[in-house]
Amino acid sequence: MTTHASLIHDTLQRLASLPPGTEPFLSLYLDMRTDGGGTHPGLTYLRTALVRQGRALGQRGAAVESFQSDAERVQQYVDSVLDRSHQGLALFACHARGIFEAVALPLAPQNSVVVAQSPRLYQLARLVDDYRPYCVALLSRTRARVFTVALGDITLNAELHQSDREVTKIQAGGWWKGTYQRRVENTIAEFAEDVAARLAQVCEAEHISRVVVGGEVTALAALERALPAAIGKLAISIDRMDAGLPEHAVLLRTMPAMADVAREGEAQAVAELLDLAAHGELAVVGVEPVIYALQQGAADELVLSDSFSAKGWRCTNCLTYGSGGTPSTCPACNAAVVQVDLNESLAGNATRLHVPIEFVRPGTQLDGSGGVGAFLRYPLP
Ligand SMILES: [Zn+2]
């Protein structure tokens with residue numbers, strides 16, 4: 001995984017693991033792309049949103065002071081420090097808690113500026129799910145490149161040349177021809193084995209779950225034969241991808257294909273989830289069972305529809321949260337509770353517990369089953 005993608009992961013994990021609090025947390029997501037005239041609509045949005053949020057908080061008090069310091073620091077950061085070559089920015093600040101975390105995003109998020117009592121991590125977690133890392137192997141008969149793509153960043157991981165092997169030059173023609181032909185085929189097969197071995201290494205080291213292959217037909221056929229079964233299962237091939245394609249073009253060609261793969265994955269996850277849940281097996285649907293599963297440590301993967309929207313509550317002292325009517329105090333520790341958006345709580349809770357999240361676009365059958373479900377590690381009592 002590239003350094004930048006790890007940075008995004010680490011920031012998400014760190015923020016999700018913060019102890020609960022009540023201080024105003026500023027979470028912002030900005031689309032940093034310029035419009036036709038060279039201005040940044042995202043920055044205009046930011047200025048207006050900060051003023052609006054400031055007004056909403058009122059005139060005085062520790063919360064207002066904390067927010068004002070954050071707003072100034074954010075504005076300063078965006079004006080002077082930020083590298084504007086990135087498409088997006090996610091920033092989380094809470095002066096009262098000494099937190100200021102900014103990450104450049106390789107992809108544009110939806111503009112959003114929110115002040116709440118905890119960081120808003122849904123968009124960041126969604127980005128991480130949408131752009132899971134994958135590998136690309138692009139090869140001709142004599143050259144192969146292996147790339148990794150993580151969160152829209154592409155890195156050349158390995159380059160192999162057939163000349164690295166000792167290729168015996170044999171004169172073609174005459175009665176030599178048959179031997180020559182075999183030698184060429186052997187060389188292609190041997191080269192494909194080298195590439196397959198390297199690809200397997202990269203996949204294991206980078207925890208890759210998808211592989212895209214492309215390039216010359218003969219070389220590709222040889223690679224497919226050489227791939228270990230475990231890697232072969234992860235592979236999808238893209239037609240007519242030139243073996244010599246430059247890095248940025250590799251990114252442009254493969255990202256839409258991977259978005260399709262992700263969508264198929266969503267549909268598959270929903271079908272499997274509903275089927276298991278209907279048979280009372282290792283899955284639950286609906287917000288209450290899902291929260292229970294997470295709190296029991298039984299959730300293996302969270303499946304969350306973008307259409308899911310519900311208010312809930314969380315404790316300001318311990319990690320308890322829930323759906324439905326807000327209790328007057330926390331049932332676990334008696335501390336004060338605050339109202340929350342449950343999609344944020346679920347995404348934050350799953351991230352904190354290292355439970356992977358499959359975010360699902362609206363319009364699947366999951367929407368009719370409460371919009372959220374979870375695969376379980378073991379059956380719940
Ligand atoms: Zn509590």
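Analyst: Strands S5 and S6 (residues 143-150) pair in the antiparallel sense, with 6 bridges between them. Pairing requires at least two DSSP bridges between two strands, and strands (E, at least two residues) and helices (H or I, at least four) are DSSP runs numbered from the N terminus. This is a predicted model, in which local features need pLDDT of at least 70 and side-chain atom pairs count only at pLDDT 80 or more, while totals for chains, interfaces and linings use all residues. Residues are numbered from 1 along each chain as its sequence is written.

User: Which residue in S6 is the bridge partner of Ala-137?

Analyst: The partner of Ala-137 is Val-146. A hairpin of 3 residues links S5 to S6.

User: Which other strand is joined to S5, and in which sense does it run, parallel or antiparallel?

Analyst: Strand S8 (residues 211-215) runs parallel to S5, and 5 bridges join them. Val-136 is opposite Val-212 of S8.

User: How many residues of S5 are buried?

Analyst: In S5 (residues 134-139), 6 of 6 residues are buried. Buried means that 20 or more other C-beta atoms lie within 10 Å of the residue's own; 12 or fewer means exposed, and anything in between partly exposed, with C-beta atoms placed from the backbone. In a regular strand, side chains alternate between the two faces of the sheet. Tyr-134, Val-136 and Leu-138 are buried on one side of S5, and Cys-135, Ala-137 and Leu-139 on the other, so both faces are covered.

User: Moving on, what is the strand order in the open sheet of 4 strands?

Analyst: The order is S3-S2-S1-S4, and the pairing is antiparallel. Strands S3 (99-105) and S4 (112-116) each have a single partner strand, so one side of each lacks a neighbour in the sheet. From one strand to the next, the twist averages 5°; axes are lines fitted to C-alpha atoms, for helices over the stretch in contact, and angles run from 0 to 180 degrees between N-to-C directions.

User: What lies across S1, S2, S3 and S4?

Analyst: Helix H3 does, running at about 150° to S2. Val-74 belongs to H3 (residues 62-81) and counts as buried because it has 22 C-beta neighbours inside 10 Å. Leaving aside residues up to four places away in sequence, Val-74 touches Leu-26, Leu-28, Leu-91 and Ala-93, where contact means C-beta atoms, placed from the backbone, within 7 Å.

User: Now H9: which of its residues are buried?

Analyst: In H9 (residues 287-295), the buried residues are Val-287, Val-290, Ile-291, Ala-293 and Leu-294. They fall within an arc of 160° seen down the helix axis, so they line one face of H9; the arc is that of the directions from the helix axis to the C-beta atoms. Their cover includes strands S10 (283-285), S11 (299-305), S13 (321-323) and S16 (372-376), together with H10. Just after H9, Gly-297 takes a positive phi of about 75°.

User: And H10, how many of its residues are buried?

Analyst: Helix H10 (residues 342-352) has 10 of its 11 residues buried, so H10 is largely enclosed by the rest of the structure. Just after H10, His-354 has a positive phi of about 60°.

User: What are the overall figures?

Analyst: The protein has 10 helices and 16 strands, and 36% of its 381 residues count as buried. Its C-alpha atoms fill a box of roughly 95 × 55 × 30 Å along the principal axes.

Key:
Two residues are in contact if their C-beta atoms, placed from the backbone, lie within 7 Å.
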